[in-house]
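Welcome! Take a moment to look it over, and then read on.

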Amino acid sequence: MEADVFYPFNASYTVATPNAVVSPTAMNVLYQGIENPIDISVPGVGSDKLVVTMTNGDIKPGKVKNSKTNENYRGEFIASPTTVGQNALINVSANIDGKQMKLPSFEFRVRSLPNPIAKFAGLTDGNVDKNVALAQQGVQAVLENFEFDLVYTVTEFTVSVNDKGFDKEASSKSNKLTTEQIALIQSLTRGKKLIFTGIKATGPDKKTRDLPAVILKIN
């Protein structure tokens with residue numbers, strides 16, 4: 001039976017400090033007035049062992065639902081910043097081997113939600129067939145080229161036309177065309193302008209926004 005042979009050696013190793021990974025899951029910044037989905041993870045540590053706090057706002061465990069698809073965004077936390085223009089810090093500590101360890105903070109900019117644009121028959125300007133105009137139910141507020149799916153609703157608008165040399169207008173206190181507004185559109189002939197002004201809309205942050213006019217010409 002051969003005897004065991006021992007070889008001396010020297011070796012070194014590094015113990016890495018756990019780090020948190022914090023990222024917004026639907027945008028590059030945090031937006032005031034809505035719930036922002038946040039994904040927070042610490043390798044090897046369950047989310048139930050994380051303690052998360054936030055400056056310039058509140059953060060809590062939970063899911064954010066996409067208002068258009070009705071599916072949840074990725075992320076186990078909801079951040080609600082307070083003041084626009086003031087950065088928010090998300091602080092994370094984790095229970096590791098029975099000890100509470102504070103991890104590096106993460107800083108995010110806080111912005112207001114952008115304004116949507118108003119559209120009628122899918123248009124902001126240009127020409128529209130009269131029958132297409134008459135088939136519409138109202139004016140829409142659309143947020144384009146934005147990472148977060150948000151719903152805006154028009155709350156009022158005015159239709160203006162020039163009929164036989166006279167300027168006429170009628171207002172709606174919703175996003176729907178009124179009977180009077182439909183009658184104004186019906187009175188238009190080819191080449192006449194159909195103008196939507198005084199368009200106001202609200203979004204998830206409940207703020208009222210004034211939107212630019214929509215100016216169309218009847219084909």
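Predicted model: local features only at pLDDT ≥ 70, side-chain atom pairs only at ≥ 80, totals over all residues.

Residues are numbered from 1 along each chain as its sequence is written, and side-chain values use heavy atoms, with hydrogens and water left out.

**Strands**
- Strands (E, at least two residues) and helices (H or I, at least four) are DSSP runs, numbered from the N terminus.
- Strand β7 (residues 88-96) pairs with β4 in the antiparallel sense over 5 bridges; strands pair if DSSP finds at least two bridges between them.

**Aromatic pairs**
- The whole structure holds 4 aromatic pairs.
- One of them joins F157 and F196, which are tilted, with 6.1 Å from centre to centre and 45° between the planes.
- Rings of Phe, Tyr and Trp (its six-membered ring) pair if their centres lie within 6.5 Å; planes under 30 degrees apart count as stacked, over 60 as edge-to-face and the rest as tilted.
- F157 sits in strand β14 (residues 153-163) and F196 in strand β16 (residues 193-202), so their pair ties together parts that are 39 residues apart in sequence.
- F157 is buried, at a relative accessible area of 1%, and F196 is buried too, at 0%.
- Buried means under 20% relative accessible area, exposed over 50%, and partly exposed in between (1.4 Å probe, protein chains only).
- Ring pairs also bring F120 into a cluster with F157 and F196.

**Nonpolar cores**
- A nonpolar core is a set of buried Ala, Val, Leu, Ile, Met, Phe, Trp, Tyr and Cys residues joined through side-chain atoms within 4.5 Å.
- The largest one has 35 residues, and F120, L194, F196 and I199 have the most contacts inside it.
- At least two residues of this core come from each of β14, α2 (179-186), β16 and β18 (214-218).
- A second, separate core has 19 residues, including L30, F77, A88 and F108.

**A polar contact**
- D39 belongs to strand β3 (residues 36-41) and is buried, with a relative accessible area of 19%.
- Its side chain makes a polar contact with the side chain of R74 at 2.3 Å.
- A polar contact is a pair of N or O atoms within 3.5 Å; within protein, one must be able to donate a hydrogen and the other to accept it, and residues adjacent in sequence count only if both atoms are side-chain atoms.
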